[in-house]
Amino acid sequence: MAILPILSYPDPRLRTIAEPVKTVDAEIKQLIEDMIETMYDAKGIGLAATQVDRHIQLIVMDLSENNDNPRVFINPKVTPLVEDKKPYEEGCLSVPDVYDSVERPTRVKIEALDGEGKPFVEEAEGLLAVCIQHEMDHLNGVLFVDYLSRLKQTRARDKVKKYLKVRERQMQQNKA
Ligand code: K1U
Ligand code: ZN
């Protein structure tokens, strides 16, 4: 298993549109393992392949309290089931230290393949509905900050830059 580097906003590679997965083979299964480990290491609840610079339709997620229920969504299709939208305070591992409210449909249908390539259909609400829509956006090259004002996007860019600079300095100090 390996912890993969996560791309940070405004890296243009985050704008790449993901391609469907053709076969769930050993290579994809290894990537799934690595993405789950990367998500846990970064203390996230979801991760899209786009964020680790792999441009295929693959999402991992774990909404459990003890990080003991990892879920896999391959070639997901997400359809809103209601017009009703609700705001939710979102974060993103590619936009560290930035949180803001985004409105999304409250109930969705998810059609996907699981980690073994088996198709499933599920209706989602609450955090699962929010998270799957956030991750689907990643696969389509969209970030949650795109829904915010220009001013907030500029602030987010500056905040990420500062965060990465501090993290880099800390890593250099830990090496010395
Ligand atoms: O895609 C990602 O960057 C992962 C992202 C998923 C997400 C969180 C909240 C709302 C929508 C989507 C994160 O996990 S960011 C980390 C975070 O905000 C968080 C971590 C643990 C518990 C709750 C939130
Ligand atoms: Zn994200």
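Predicted model: local features only at pLDDT ≥ 70, side-chain atom pairs only at ≥ 80, totals over all residues.
The side chains of Arg71 and Glu122 are joined by a polar contact of 2.7 Å; such a contact is a pair of N or O atoms within 3.5 Å, where within protein one must be able to donate a hydrogen and the other to accept it, and residues adjacent in sequence count only if both atoms are side-chain atoms. Side-chain values use heavy atoms, without hydrogens and water, residues are numbered from 1 along each chain as its sequence is written, and chains are lettered from A and ligands numbered from 1 in the order in which they are written.

Arg71 lies in strand S3, residues 71–80 (strands are DSSP runs of E, at least two residues; helices are runs of H or I, at least four; both are numbered from the N terminus). Arg71 is partly exposed, at 25% relative accessible area (buried is under 20%, exposed over 50%, partly exposed in between, with a 1.4 Å probe and protein chains only).

Let me turn to the zinc ion, ligand 2. Its protein donors are Cys92 (SG), His134 (NE2) and His138 (NE2), at 2.1 to 2.3 Å (donors are N, O and S atoms within 2.8 Å of the metal, or 3.2 Å for Na, K and Ca; water is not among the atoms, so sites may look incomplete). Cys92, in the loop between strands S4 and S5, and His134, in helix H2, are 42 residues apart. Cys92 is buried at 9%, and His134 is buried at 8%.

Finally, twelve of the 14 residues of H2 are buried, so this helix is largely enclosed by the rest of the structure.
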